[in-house]
Amino acid sequence: MSDGPARFGGRADVELAMVLDCSDLERSATFWCGVLGYHAEPASPGRYQSLKPVDGNGVELLLQQVAEPKETKNRMHLDLRVPDLESETARVVALGARRETDEPIEEFGWSWHVLADPDGNEFCVLQPPKDHGTD
């Protein structure tokens, strides 16, 4: 695991934010704040809700309320890399996620579950191999 996620992209003048479509801003904000340990910014305008790390160290997740329901697989998704796959999967399911895999997927020493948020957006909870991040 790293010391913390990057707040900015590779260029000093570029800030990275992830945008996620949802049907219910309040429900999605509650879910993702619980999953990520983020807080919802109070001054978000209209159909947007900005979620940011409490300490400011990380990538913003911007929720965008849309009218149309999700219909197909996400073209991009979030990966949550954690030290304990089963306990984190159980915690996220208790917050409202739906498991898409019954058994962990295993590949190259990585283990993960595919889950979906309350709007059906897929994301993964992954446990890296024991030697991940060591030189």
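1. Packing of the two helices. In this predicted model, helix α1, residues 25–36, packs against helix α2, residues 85–94. The angle between them is about 160°, and their axes lie 10 Å apart. Because angles over 145 degrees count as roughly antiparallel, α1 is roughly antiparallel to α2. The crossing of α1 past α2 is right-handed.

2. Residues at the helix contact. On the α1 side the contact is made by Phe-31, Gly-34 and Val-35. On the α2 side it is made by Glu-88, Arg-91 and Val-92.

3. Order of elements. The chain holds two helices and nine strands.

4. Overall size. The radius of gyration of the chain is 15 Å, close to the 14 Å that the globule rule gives for 135 residues, so the chain is as compact as a globular protein of that length. The C-alpha trace spans about 45 × 35 × 25 Å along its principal axes.

5. Confidence. The chain has a mean pLDDT of 89, with 91% of its residues at 70 or more. Residues 1–6 are a stretch to treat separately: there the pLDDT is below 50. This stretch still has ten contacts in the model beyond near neighbours in sequence.

Definitions and conventions
Residues numbered from 1 in each chain as written. Predicted model: local features only at pLDDT ≥ 70, side-chain atom pairs only at ≥ 80, totals over all residues. Heavy atoms only, no water. pLDDT = per-residue confidence, 0-100. Contact = heavy atoms within 4.5 Å. Axes fitted to C-alpha atoms, helices over the stretch in contact; angles between N-to-C directions. Helix = DSSP H or I, 4+ residues; strand = E, 2+ residues; numbered from the N terminus. Parallel < 35°, antiparallel > 145°, perpendicular 65-115°, else oblique. Left-handed = near helix turned anticlockwise from the far one by under 90°. Rg over C-alpha atoms; globule rule 2.2 N^0.38 Å.
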